[in-house]
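Here are my notebook entries from an afternoon with this model.

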Amino acid sequence: MADPGPAAALEYVRRLHAVVDELVAPLTARHGPRLACRAGCAGCCVDELTVFEVEAARIRAEFPDVLASAPGPAGRCAFLDEASRCRVYAARPYVCRTQGLPLRWAEAGVERRDICPENEAVGPVEALDAAACWTLGPFEQRLAAVQSARDGGVGRRVALRALFGG
Ligand code: SF4
Ligand code: SF4
């Protein structure tokens with residue numbers, strides 16, 4: 001893939017996020033009240049999250065005011081406010097859009113599954129049909145491909161906390 005440039009990469013990321021949201025919606029509806037995910041629940045918003053630069057660029061473009069403010073305290077995501085709500089929710093990265101769903105992925109040819117411990121009311125994830133889970137891999141690969149096109153194959157990532165102050 002040729003370097004799309006910053007504007008087209010940003011548009012690509014916005015479209016990818018929109019597609020992810022469309023695909024997540026029926027899964028969220030399917031698992032319904034068994035999911036404990038809600039505004040203010042932030043156990044998954046850990047401080048160590050890193051994202052590809054192309055996703056960081058969306059936060060930079062849409063939330064410069066947040067990035068010019070003080071980061072939240074260390075120990076959890078710097079974007080959480082005092083009520084544990086995400087301050088960049090509309091531009092949050094891909095990984096934050098699928099958290100809480102039953103997840104499935106392949107590891108050395110073996111399928112693995114997991115779910116947030118808060119969402120165990122969904123039942124044993126191993127018993128779910130594949131269509132009831134979010135499949136990790138395809139969207140990560142698309143983001144990696146556009147990042148690689150932007151930086152010549154480096155695949156640069158940045159810590160969310162590092163976006164503050166410049
Ligand atoms: S960006 Fe928002 S949703 Fe993602 S980990 Fe940080 S606070 Fe949570
Ligand atoms: S994934 Fe878990 S910790 Fe995160 S919002 Fe959902 S229930 Fe809360």
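Predicted model: local features only at pLDDT ≥ 70, side-chain atom pairs only at ≥ 80, totals over all residues.

**Entry 1, a helix pair.** I looked up how α1 and α2 are oriented, and they are roughly perpendicular to each other (that word covers angles of 65 to 115 degrees). The axes of α1 (residues 5–31) and α2 (residues 53–62) cross at roughly 95° and come within 9 Å. Axes here are lines fitted to C-alpha atoms, for helices over the stretch in contact, with angles running from 0 to 180 degrees between N-to-C directions. Helices are DSSP runs of H or I with at least four residues, strands are runs of E with at least two, and both are numbered from the N terminus.

I then listed the contact: α1 brings Pro-6, Ala-9, Leu-10, Val-13 and Arg-14, while α2 brings Val-54, Glu-55, Ala-57, Arg-58 and Ala-61. Being in contact takes C-beta atoms, placed from the backbone, within 7 Å of each other. By class I find seven nonpolar, no polar and three charged residues. Nonpolar means Ala, Val, Leu, Ile, Met, Phe, Trp, Tyr, Cys and Pro, charged means Asp, Glu, Lys and Arg, and the others, Gly among them, are polar.

Residues are numbered from 1 along each chain as its sequence is written, and chains are lettered from A and ligands numbered from 1 in the order in which they are written.

**Entry 3, the other partner of α2.** I also checked α5 (residues 138–151), which packs on α2 at about 90° with the axes 8 Å apart. Glu-53, Val-54 and Glu-55 of α2 meet Leu-143, Val-146, Gln-147 and Arg-150 of α5. I count three nonpolar, one polar and three charged residues there.

Which residues are around ligand 1? I found Cys-45, Leu-49, Cys-77, Phe-79, Leu-80, Cys-86, Val-88, Arg-92, Cys-96 and Leu-160, each with its C-beta atom, placed from the backbone, within 6 Å of the ligand. This shell divides into nine nonpolar, no polar and one charged.

Around ligand 2 I noted Ala-36, Cys-37, Cys-41, Gly-43, Cys-44, Gln-99, Gly-100, Cys-116, Glu-118 and Asn-119. That shell has five nonpolar, four polar and one charged.

**Entry 5, the whole protein.** I counted five helices and five strands, in the order α-β-α-α-α-β-β-β-α-β from the N terminus. The C-alpha atoms fill a box of roughly 45 × 40 × 25 Å along the principal axes.

Notes. Parallel < 35°, antiparallel > 145°, perpendicular 65-115°, else oblique. Contact = placed C-beta atoms within 7 Å.
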